[in-house]
Amino acid sequence: MLDNNQLLRFTTAGSVDDGKSTLIGRLLYDSKSIFEDQLQAIENTSKKKGHDGVDLALFTDGLRDEREQGITIDVAYRYFTTPKRKFIIADTPGHIQYTRNMVTGASTANAAIILVDARHGVIEQTKRHSFIASLLQIPHVIVCINKMDLVDYSEEVYNNVINQFEEFASKLLVNDIRFIPISALNGDNVVNRSTNMDWYQGAPLLHTLETMHISSDINKVDARFPVQTVLRPQSESHRDYRGYAGRMASGIFRLGDEVTVLPSGFTSKIKTIDTLDKSLEEAYAPMSISVTLEDDIDISRGDMIVKSNNKPEPSQDIEVMLCWLHNNPAKPRAKYSIRHTSNEQKAMIKEIVYKFDINTLERKSEDKDIKMNDISKVKIRTTKPLMVDSYRENRTTGSIILIDEATNETVAAGMVV
Amino acid sequence: MSRYYLNYLDELESEAIYVLREVWAQFDNPVILFSGGKDSILVTHLAKKAFYPAKIPFPLMHVDTGHNFPETIQFRDNIIKDLGVELIVGSVQESIDEGRVAEEKGKNATRNALQITTLLDAIESNKIDCAIGGGRRDEEKARAKERFFSHRDDFGQWDPKNQRPELWNIFNGKHFEGEHFRAFPISNWTEMDVWNYIKREHIAIPSLYFAHEREVVWRQDSWIPNSEFLVLEEHEEIVTKKIRFRTLGDITITGGIESDADTLEKIADEVSGMRQTERGNRSDDKRSESAMEDRKRQGYF
């Protein structure tokens with residue numbers, strides 16, 4: 001691996017029959033990321049189950065219940081590396097009852113792979129997965145039209161699917177959509193270029209993942225630094241050191257930058273940017289650093305340091321697209337803990353504006369019960385101001401979770417509108 | 001603007017530092033679970049970075065099975081002295097002496113499963129609310145489902161089907177008295193990433209990872225080191241081989257591989273060409289298809 005190799009996180013959503021597991025198995029197998037003892041275990045299981053040859057899909061089985069039921073329930077993370085990049089796959093189930101798991105996998109992804117069965121074209125599930133990718137603002141979407149071997153590698157079928165997809169995708173907010181005709185089962189256009197589809201001029205899937213431009217996926221304009229904790233060594237060498245430790249959520253800090261601390265509003269200048277290895281001239285997202293300021297200001301966890309000429313608007317009333325994650329439905333006007341970066345406050349869902357039907361992408365303003373897997377637009381009121389940006393501008397400072405104080409469970413995830 | 005991006009190792013490092021700081025901010029009494037293996041050494045190194053220029057603000061905890069490689073214990077004691085942090089030891093031997101657990105019987109008996117009781121006892125008696133571990137999701141299929149912040153109930157049990165969803169980088173470590181969390185800062189690292197990083201950062205690791213001459217016996221497809229705990233079968237024979245270890249666990253269950261890799265560069269090269277997973281030499285994982293899941297549910301690392 002070279003020193004400048006990047007990390008790319010992508011998500012796959014799919015259900016039992018659309019070849020998702022086979023695709024992942026193929027990527028791992030053809031990129032030589034499956035070890036012999038793992039392969040041996042899969043071969044043994046394939047034989048036991050009476051499959052012909054090695055069933056690559058078995059590689060993605062995780063927990064005992066999943067093996068027994070033959071389904072993916074929870075998000076599983078897989079890893080592989082090529083000479084160009086390191087990859088993290090968030091492998092998620094595709095069925096509507098697992099929307100929350102898809103949302104979880106999508107939350108950190110640079111790219112989403114959406115699988116379409118060439119025989120069936122765009123179906124409800126395709127729309128659901130695309131909608132989630134758009135809602136979670138995954139920067140790149142790759143639509144893999146799979147099982148091309150079962151439609152005689154037909155260019156016409158491929159073009160029809162693209163037309164269907166583009167027709168409904170015009171309603172979505174995705175900037176970068178690509179299409180690739182593949183056969184995960186036979187390996188066409190996954191790692192190696194297919195010899196069965198000369199009419200396709202684009203790159204195979206792996207090459208696409210290896211080369212797509214992802215440096216701009218993080219907001220580099222709005223400097224946001226949520227303080228995680230304060231470092232006060234009080235050692236002989238650092239007697240008066242007071243460093244604010246955190247991870248740049250977005251943007252860039254340079255020495256001497258004029259900054260404002262929110263919510264207090266005090267201003268100062270950046271004095272040093274420190275790491276164990278060296279002190280830096282500048283820091284950018286997503287670096288973990290410790291910052292000291294010229295002036296002594298009272299700063300603690302939950303505060304946010306931003307550039308004085310580019311501040312988020314602190315607000316107690318926020319509108320979010322809320323995905324409900326828990327079995328217990330939302331309680332109207334009940335109090336929840338709200339987490340936004342390192343900040344925690346109390347919050348109340350004041351109003352449910354509408355609910356989404358994620359299959360038809362239609363708004364339902366009548367039905368206002370929020371249950372597990374529902375996605376709704378809601379108004380939230382917090383006890384103290386939060387320093388939010390819109391999720392479209394900033395995936396880190398535009399996201400929140402709600403925690404039920406009676407159970408301590410995470411019950412919802414929200415994207416600031 | 002193209003130069004404003006991190007390479008994969010820097011991004012993994014930054015993520016791990018972020019997780020460690022979240023642990024410190026969200027819990028009252030965390031510890032690093034320290035086995036003397038490369039992963040817990042790596043986590044300790046990252047903790048040094050996370051809190052610099054302050055020292056690591058919590059203790060290291062070692063669950064001591066009594067079946068150690070002597071090199072591991074020496075290494076542990078040195079690192080504690082270097083860092084100036086407290087060491088907590090949970091002793092499996094004491095758990096046995098107190099009758100909390102019973103030694104396994106038979107030729108493949110190990111103290112691996114016994115550690116669970118000792119670990120949970122140590123967590124309870126020291127009022128630890130978060131134990132930071134070096135577990136990685138690429139190690140094993142049950143571990144692939146782990147969260148960064150992983151909840152354990154008041155019996156120390158993991159419920160993999162009922163985990164808290166973890167979105168973006170917002171971690172929820174809220175818990176009731178008696179419950180605790182496990183935190184895994186290097187969840188997203190692979191074995192190769194660990195070696196590349198150790199090489200880059202010149203992190204000191206026990207000599208056992210480097211190729212060396214050792215008395216071993218061939219058992220369950222790997223070279224098990226000779227020790228006072230080893231009981232030879234009739235057909236088995238002790239030989240001297242040049243070997244090294246890919247993972248370190250108890251001396252009774254950790255198999256070595258034949259190797260000439262005696263520098264970090266050579267190890268990284270060797271690992272990149274490996275066709276077996278690193279836990280393939282651990283007989284504790286070979287017992288059944290869900291051996292790891294079953295132990296983890298009960299409270300294992």
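Predicted model: local features only at pLDDT ≥ 70, side-chain atom pairs only at ≥ 80, totals over all residues.
Residues are numbered from 1 along each chain as its sequence is written, and chains are lettered from A and ligands numbered from 1 in the order in which they are written.

Select chain A to begin. Chain A holds seven helices and 22 strands, where helices (H or I, at least four residues) and strands (E, at least two) are DSSP runs numbered from the N terminus. With a radius of gyration of 24 Å, close to the 22 Å that the globule rule gives for 417 residues, chain A is as compact as a globular protein of that length; the radius is taken over C-alpha atoms, and the rule is 2.2 Å times the number of residues to the power 0.38.

Next, show the contact between the two chains, which takes 50 residues from chain B and 60 residues from chain A; two residues are in contact if their C-beta atoms, placed from the backbone, lie within 7 Å. On the side of chain B that touches chain A, helix H1 (8–26), helix H2 (38–51) and helix H6 (191–201) each supply at least two residues, and H1(B) gives the most, with nine residues.

Now colour chain B by domain: domain 1 covers 8–192 + 290–298 and domain 2 covers 206–285, with bounds that come from an automatic or database domain assignment. Their contact takes 22 residues from domain 1 of chain B and 20 residues from domain 2 of chain B. Helix H3 (70–83), H6 and helix H8 (291–298) of chain B each supply at least two residues of the domain 1 side, of which the largest share, three residues, comes from H3(B).

Finally, select the open sheet of four strands in chain B, whose order is S8-S7-S9-S10, with antiparallel pairing; two strands pair if DSSP finds at least two bridges between them. Strand S8 (222–225) and strand S10 (257–258) of chain B stand at the edges with a single partner strand each, so one side of each is left without a neighbour in the sheet. Strand S7 (residues 212–219) and strand S9 (residues 239–244) of chain B pair in the antiparallel sense over five bridges, and B:Val216 stands opposite B:Val239 in S9(B).
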